[in-house]
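Let's take a friendly walk through this protein, from the whole chain down to single side chains. Please keep the sequence and the 3D view at hand as you read.

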Amino acid sequence: MDLAGGPKWLPPDLERLRTVETLLSVLLDETRARIAAVEAEERVRADAARHRPPGVEWVIEYGIDAAGRSVLVHTGDCPLVSGRSRPATRAQAVETLRDSIARACAICRVDSALGLLDV
């Protein structure tokens, strides 16, 4: 690297240097945005892991309405388990899917894990 003229791979004229500067600025902005998105995803996963009951096979998630109805059923290791969830037995998970408005989580596919294809 020539300290007086900069790295040999950089163009010598101002117009092309400004183009390189703009490109690098855009890349830096995009990189920072992607870092922020990945960090947000990691925070969501960490939050879900904190709320996941240890050693539980099935989890029922309840709504935020006053009735507190069950809304989703998850496997115990599903990354989407929220703080509004409680551990459940296999029988409770099956009954909840059959007898309520609760749905099977589309991520962990608890209906397949329970052996229920048409709930």
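Residues 24 or more positions apart account for 51% of the contacts in the protein with a separation of 6 or more, where a contact means heavy atoms within 4.5 Å. What you are looking at is a predicted model, in which local features need pLDDT of at least 70 and side-chain atom pairs count only at pLDDT 80 or more, while totals for chains, interfaces and linings use all residues. Residues are numbered from 1 along each chain as its sequence is written, and side-chain values use heavy atoms, with hydrogens and water left out.

Let's begin with the overall layout. The protein has three helices and four strands, and from the N terminus on they follow the order α-β-β-β-α-β-α. Here helices (H or I, at least four residues) and strands (E, at least two) are DSSP runs, numbered from the N terminus. Of the 119 residues, 28% are buried; buried means under 20% relative accessible area, exposed over 50%, and partly exposed in between, using a 1.4 Å probe and protein chains only. The protein exposes about 8,600 Å², and carbon and sulfur atoms supply 56% of that area. Such accessible areas come from the Shrake-Rupley method with a 1.4 Å probe, and for residues only the protein chains shown count as cover.

Now find His74, which sits in strand E2 (residues 70-75). Is His74 buried or exposed? His74 counts as buried, because its relative accessibility is 0%. Its side chain makes a polar contact of 2.7 Å with the side chain of Glu61. A polar contact is a pair of N or O atoms within 3.5 Å; within protein, one must be able to donate a hydrogen and the other to accept it, and residues adjacent in sequence count only if both atoms are side-chain atoms. Leaving aside neighbours within four places in sequence, His74 is in contact with several residues, including Trp58, Val59, Leu80, Cys105 and Cys108.

Cys105 lies in the loop between E4 and H3 and counts as buried at 4% relative accessibility. Apart from neighbours within four places in sequence, Cys105 is in contact with Leu72, Val73, His74, Cys78, Leu80 and Val110. Cys105 and Val81 are 24 residues apart along the chain, and their C-alpha atoms are separated by 9.5 Å.

Stay in that loop and move on to Arg109, found between strand E4 (103-104) and helix H3 (110-113). Arg109 is not a glycine, yet it has a positive phi of about 50 degrees. With a relative accessible area of 43%, Arg109 is partly exposed. Which residue does the side chain of Arg109 meet in a salt bridge? The partner is Asp111, at 3.2 Å from N to O. Asp111 is buried, with a relative accessible area of 12%. A salt bridge is a side-chain nitrogen of Lys or Arg within 4 Å of a carboxyl oxygen of Asp or Glu.

Arg16 is partly exposed at 45% relative accessible area, and Asp13 is partly exposed at 27%. Arg18 and Glu21 meet in another, at 3.1 Å from N to O. These two are three residues apart in helix H1 (residues 14-51), so they are separated by about one helical turn. Arg18 counts as partly exposed at 48% relative accessibility, and Glu21 is partly exposed with a relative accessible area of 45%.

Finally, turn to strand E3 (residues 85-88), where Ser85 is found. Ser85 is buried, with a relative accessible area of 12%. A polar atom of the Ser85 side chain lies 3.1 Å from the backbone oxygen of Ser82. Not counting residues up to four places away in sequence, Ser85 touches Val59, Ile60 and Glu61. As for ring and charge arrangements, Arg86 lies over the face of Tyr62, at 4.2 Å from the ring centre. A charge sits over a ring if NZ of Lys or CZ of Arg is within 6 Å of the ring centre and within 35 degrees of the ring normal.
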